[in-house]
Amino acid sequence: MSTTHINSEEVLVERKAEDVFKFLSDLRNYKALMPEDVVQFEADEQVAKLNLKGLGTFEIHLGELEKDKRIVLIPKGKIPFSFNIHWNLIAQNDHTTVSGVVNAELNVFMKMMAESKLKEFVASQASKMKAHIENGIPI
């Protein structure tokens, strides 16, 4: 088994890094970022419980936080492979470049089955996050 790195495209968010960090480090905000495959989502600031078609129900916990620079999300529960999600923020005056990276331990079979779904998942979250934050939703 090897680690597969799945990157979203970088998105330029027209908000300061501290605003983006504040949004992404509160898991309640992820409800607005979930794809249609998520059939149930509950969260508090540090833990989210979701039911994702094809993977079942599991939790996402806040892991490592580097203020205004990086957020690591760690899944817990019954999932068929190990992964984490990193949100990387680069401050640029009143703008922030954001990228998401999924690091997944996938065997060849799981890679064929899950890689495109994970790529779609992180790309969708990045795009929705940009739209959500820029459209003036309170942070």
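**Inside the cavities**

At least two lining residues of the largest cavity come from each of β4 (47-52), β5, β7 (82-92) and α2 (108-134). Keep in mind that this is a predicted model. That cavity holds about 140 Å³ of space. Its lining counts 16 residues, and M34, I60, I85, F121 and Q125 sit closest to the centre. What classes make up the lining of the largest cavity? There are 15 nonpolar residues, 1 polar and no charged ones.

Searching the whole structure turns up 2 cavities of 30 Å³ or more, so let's peek into the other. The second largest cavity has about 50 Å³ of space, and its lining is made of P35, D37, L52, K117, E120 and F121. Here α2 gives the most, with 3 residues. By class, this lining has 3 nonpolar, no polar and 3 charged residues.

Now over to strand β5, which spans residues 56-66 and includes E59. Is E59 buried, exposed or partly exposed? E59 counts as partly exposed, because its relative accessibility is 29%. Its side chain makes a 2.9 Å polar contact with the side chain of H61. Leaving out residues up to four places away in sequence, E59 touches V47, A48, K49, I74, P75 and K76.

Last stop: T97, in strand β8 (residues 95-106). With 9% relative accessibility, T97 counts as buried. A polar contact of 3.0 Å links its side chain to that of Q92. Q92 is also among the residues T97 touches beyond four places in sequence, along with E10, V11, L12, N88, L89 and I90.

Definitions and conventions: Residues are numbered from 1 along each chain as its sequence is written. This is a predicted model: local features need pLDDT of at least 70, side-chain atom pairs count only at pLDDT 80 or more; totals for chains, interfaces and linings use all residues. Side-chain values use heavy atoms; hydrogens and water are left out. Helices (H or I, at least four residues) and strands (E, at least two) are DSSP runs, numbered from the N terminus. Buried means under 20% relative accessible area, exposed over 50%, partly exposed in between (1.4 Å probe, protein chains only). A polar contact is a pair of N or O atoms within 3.5 Å; within protein, one must be able to donate a hydrogen and the other to accept it, and residues adjacent in sequence count only if both atoms are side-chain atoms. Contact means heavy atoms within 4.5 Å. On a 1 Å grid over the protein atoms alone, a cavity is a set of points where a 1.4 Å probe fits but cannot get out, and a pocket is an open set with protein on both sides within 12 Å along at least five of seven lines; lining residues have an atom within 4 Å of a point. Grid points are joined across faces, edges and corners, and a volume is the space filled by probe spheres set on the points. Ala, Val, Leu, Ile, Met, Phe, Trp, Tyr, Cys and Pro count as nonpolar, Asp, Glu, Lys and Arg as charged, and the others, Gly among them, as polar.
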